[in-house]
Amino acid sequence: MPPPQHRSTFLNRTAALVVTSGLPVSLGAAPAAGAKSYPSLGRTEDYAEFRIIDPGLTLTQVESWTQGQFGIVRIATNDGREGYGQLSSYEPDIAATVLHRQVARHVLGCDPAQIDALMDRVIDANMKFPRSYVCRALAGVDTAIWDLYGQIKGKPVCELLGGKTDPFPVYGSSMRRDLSPEDESARLVKLRDAQGFQAFKVRLGVPTGHDRDASPGRTEKSIPAVRKAVGDDIRLLGDGNSCFTPPKAIAVGRRLEDSNYFWFEEPCPFWELEWTAEVAAALQMNVSGGEQDNDLAQWRRMIQMNAVDILQPDLCYVGGFTRAWRVAKMGQNAGKLVVPHSSHLSPITLFSLHFMAAIPNAGPFVEFSIEEDANAGERLYRPALKVTAGKVKLPDGPGWGVKINPAWLEKASYLKSEKPV
Ligand SMILES: [Mg+2]
């Protein structure tokens, strides 16, 4: 930390810039030649990546509904408009408690037009509770604001940012480690033939498994067996879920390369960036990761040290669409592709489709679960996402383009925070 006199000098200079230019510092004052700038992480009230709607509205209400592993958020404005979003899945009742205790009070009374500043304010105010559940809760507000933007503008979210609702390719994402290589291969072949999937992801090792395998030799047997079954034209991905130390990860990676897999995801414990970088440097193939990461500074480090080639933020774990956009932008500046983590068919996959339709550095497909459908029978929202010829058409309606099922909301636990107009 700099000595106090340096800090006050900096503050005085900052104040002078505001007075003389009449503009916010980050927008009005170009950095001197050679000076560093810090735009991608935000962190100032004046940082504005997005100005989708005109300023002037006020957020007056935040509501949440949670049931099972899923949670829905609705925000309302002083003129009676609404937007729907989603809390991070898994323990959503805890995220809802954090939403109403630690997030809502920093959001209510604010202008939803200033989404970057709003996100930063919540993160800054919760410095004693860095990220995790704060981001899981914040995602609900952020994604609801993006839906609100779409309602106001009468456009799908991706179109607000120059994207199109055209069918987007998806990859079939397996979560199973209990199937034999033969049984796993058989079901992937069936899905390929029935729905036209052109890519699949299979599981390797055991999550945070310290080099263990789900059954003896499963990882080594599965890699070539799945390739042989689906054929050479299908893109294959392998996910280690933080299982391996670098020597084992490199050995597994060589097998993936021998069978022409497209990426090796989260080969090492995700927090061990140096380990992951070691694996990425040793292998020819792509290493991907980042689904757990919700700290934008950690993302910057991960990108700078080339720990991963493909970035996989989870739009809800990271704190919403806006923060995931910042990750994508850092990736774009470093020439890296993005394929978000979206491991079930709750609205998160819908958010990822809009995101991928809009960002310039989208990877070739969106993750699409082939396990139990969280939206079976449209119990959460309609229309359901459907795979045809390996692609999913984005809904054309405004915002996220779906209607949350009132019957699901009725059975859920409900909480509300409000600020009277
Ligand atoms: Mg993963």
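Colleague: How many residues does helix H12 have, and what span does it reach?

Modeller: This is a predicted model. H12 covers residues 321-333, 13 residues in all. From first C-alpha to last it reaches 18 Å, close to the 18 Å expected at 1.5 Å a residue.

Colleague: What follows H12?

Modeller: Gly335 does, with a positive phi near 70 degrees.

Colleague: How many residues of H12 are buried?

Modeller: Burial here means 20 or more other C-beta atoms within 10 Å of a residue's own. In H12, 10 of the 13 residues are buried, so the helix is largely enclosed by the rest of the structure. Among them are Phe321, Trp325, Val327 and Met330. Arg323 and Arg326 are buried too.

Colleague: What covers the buried residues of H12?

Modeller: The cover includes helices H4 (115-125), H5 (133-153), H11 (296-304) and H13 (347-358). It also includes strands S9 (310-311) and S10 (337-338).

Colleague: Take H11. How do I describe a packed pair?

Modeller: Two packed helices are described by the angle between their axes and the distance between the axes. For H11 and H12, the axes come within 10 Å and cross at roughly 20 degrees. Angles under 35 degrees count as roughly parallel, and H11 and H12 are therefore roughly parallel to each other. H11 passes H12 in a right-handed crossing.

Colleague: Which residues make the contact?

Modeller: H11 contributes Leu296, Trp299, Arg300 and Ile303. H12 contributes Arg323, Arg326, Val327, Met330 and Gly331. By class, the contact has five nonpolar, one polar and three charged residues.

How values were computed: Residues numbered from 1 in each chain as written. Predicted model: local features only at pLDDT ≥ 70, side-chain atom pairs only at ≥ 80, totals over all residues. Helix = DSSP H or I, 4+ residues; strand = E, 2+ residues; numbered from the N terminus. Expected span 1.5 Å × (residues − 1). Buried ≥ 20, exposed ≤ 12 C-beta atoms within 10 Å, placed from the backbone. Contact = placed C-beta atoms within 7 Å. Axes fitted to C-alpha atoms, helices over the stretch in contact; angles between N-to-C directions. Parallel < 35°, antiparallel > 145°, perpendicular 65-115°, else oblique. Left-handed = near helix turned anticlockwise from the far one by under 90°. Nonpolar A, V, L, I, M, F, W, Y, C, P; charged D, E, K, R; others polar.
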